Amino acid sequence: MVRLNWHRIRRISKRIVLGVFSGLFNYVLYFIIPDYIYKFLRFMISSAYPEVAGVIGLPAIRPTVELSALAIFLILSCLSSLLSGSWFGYLIAVTSSSVFMFYAISLMNFGRISVEYQGVGVTVEFSVLIVVWFTSFILDVLGRAFDLIEREAKFIPTL
Amino acid sequence: MIGATLRKISAAFLLVSIVAVFLTLYFMANDLSTLRVLARIDDMMVDSDGVHFNLELNFTYNGLRPLINFKAVLLLNNESFSSRALDLNKGTTIFVIPCKLGLSYIGRNVTASVGFSTSYANLIPIHVSLPAKSYIPIEVIAPASAVSSIDFNSSHAEVSCMIIALANIKLSGVAKLTSNGIEVAKTNIPPLKRESTQLLKWYVRFEDLEKLDAIEFYLDTPTGYIKIYEWRLKGG
């Protein structure tokens, strides 16, 4: 039976707080930044073609809060954080990262960003970016795996 | 140690790629804002297949990076015509797009949208379509003189005017003098060469002369007569 002493509660709370921060960071990275890329592109069209634009101004970074998406990001990040340091946690973390990555890439229409503004339509193909993101994801997955190998981690976490 | 290094490289990749996206968009927009286009119709020809013309697009570009494989695209009523691909460097580059439209478009302003596709820094493909504008008038004839009338005999007047061909017209046609849309007299128009003029004459009874309000021009096509131009004679 697992005994909940003060020390363990502190450790779990710390991991939950870390998970929340990590969830918020992931939400910014994988949701708000792709969304802002669209806004930025729209702003760029308005500055490139001022004849079609009304008021030109850099879009403010106003985070779009989608509660269901945010909840998924927070739950997965907290779960990853709680189970970190074990191979089971690794599987959860890799799955979460895959979900976040797929979410971001699908938000960016798999690298083909299309924006229409006042009749001007622009499609930019950022397939290079998707390749870089995917490489970064693979390196992160490998890095986590090496971390666990170096620490000789167990399959089940010890909190 | 290896794990931490890999994770640092991964984070660096991610950070650099995000910064690169915003910088690329910024520089790309700055470069594209220097791109200006002037359109001109050239070598218009009308035959039984339709209206053929070359759209000459003068692109003036002053961006920092060349636009690789730049291809101008013209969208005319859901039909797409494109030029061959060229690299667009600083200065003016002329693109010629051969176009063909149905005969029914003659005399109308065609809704056209000019766009282009290119590769920025030879790395990022971009497609841009500019707002649709009715800036391509498909005119094949125009009046070259005022309409005049003289007495021909005791009952009829001779009405005449000169027209100029704005295209090589390989089809013959008719020109009708009308009153409230009803034909009063008509005359034939032969096939015309571009920039050639043609004198048209009609014989009209004196009592009909005052009622004339328009000259309508038709082309004789394989599917029948198609109205290509209307010249209003009485203030609209």
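An axis here is a line fitted to C-alpha atoms, for a helix over the stretch in contact, and angles between two axes run from 0 to 180 degrees between N-to-C directions. Keep that in mind as you click through this predicted model.

**Stop 1: a pair across two chains**

Select helix α1 of chain A, residues 6–48, together with helix α1 of chain B, residues 2–32. Their axes come within 8 Å and cross at roughly 15°. Angles under 35 degrees count as roughly parallel, so α1(A) is roughly parallel to α1(B). Turn the view and you can follow α1(A) as it passes α1(B) in a right-handed crossing.

Now show the side chains where the two helices touch. On α1(A), pick out Leu29(A), Tyr30(A), Ile33(A), Tyr36(A), Ile37(A), Phe40(A), Leu41(A), Met44(A) and Ala48(A). Facing them from α1(B) are Leu14(B), Ile18(B), Val21(B), Phe22(B), Leu25(B), Tyr26(B) and Ala29(B).

**Stop 2: a pair within chain A**

Next, select helix α2 (residues 67–82) and helix α3 (residues 87–107), both in chain A. Here the axes come within 9 Å and cross at roughly 155°. Angles over 145 degrees count as roughly antiparallel, and therefore α2(A) and α3(A) are roughly antiparallel to each other. The crossing of α2(A) past α3(A) is left-handed.

Which residues make the contact between α2(A) and α3(A)? From α2(A) come Ala69(A), Phe73(A), Leu76(A), Ser77(A), Leu79(A) and Ser80(A). From α3(A) come Ile92(A), Ala93(A), Ser96(A), Val99(A), Phe100(A) and Tyr103(A). Colour by class again, and you will find nine nonpolar, three polar and no charged residues.

Terms used
Residues are numbered from 1 along each chain as its sequence is written. Chains are lettered from A and ligands numbered from 1 in the order in which they are written. This is a predicted model: local features need pLDDT of at least 70, side-chain atom pairs count only at pLDDT 80 or more; totals for chains, interfaces and linings use all residues. Side-chain values use heavy atoms; hydrogens and water are left out. Helices (H or I, at least four residues) and strands (E, at least two) are DSSP runs, numbered from the N terminus. Angles under 35 degrees count as roughly parallel, over 145 as roughly antiparallel, 65 to 115 as roughly perpendicular and the rest as oblique. A crossing is left-handed if the near helix is turned anticlockwise from the far one by less than a right angle, and right-handed if clockwise. Contact means heavy atoms within 4.5 Å. Ala, Val, Leu, Ile, Met, Phe, Trp, Tyr, Cys and Pro count as nonpolar, Asp, Glu, Lys and Arg as charged, and the others, Gly among them, as polar.
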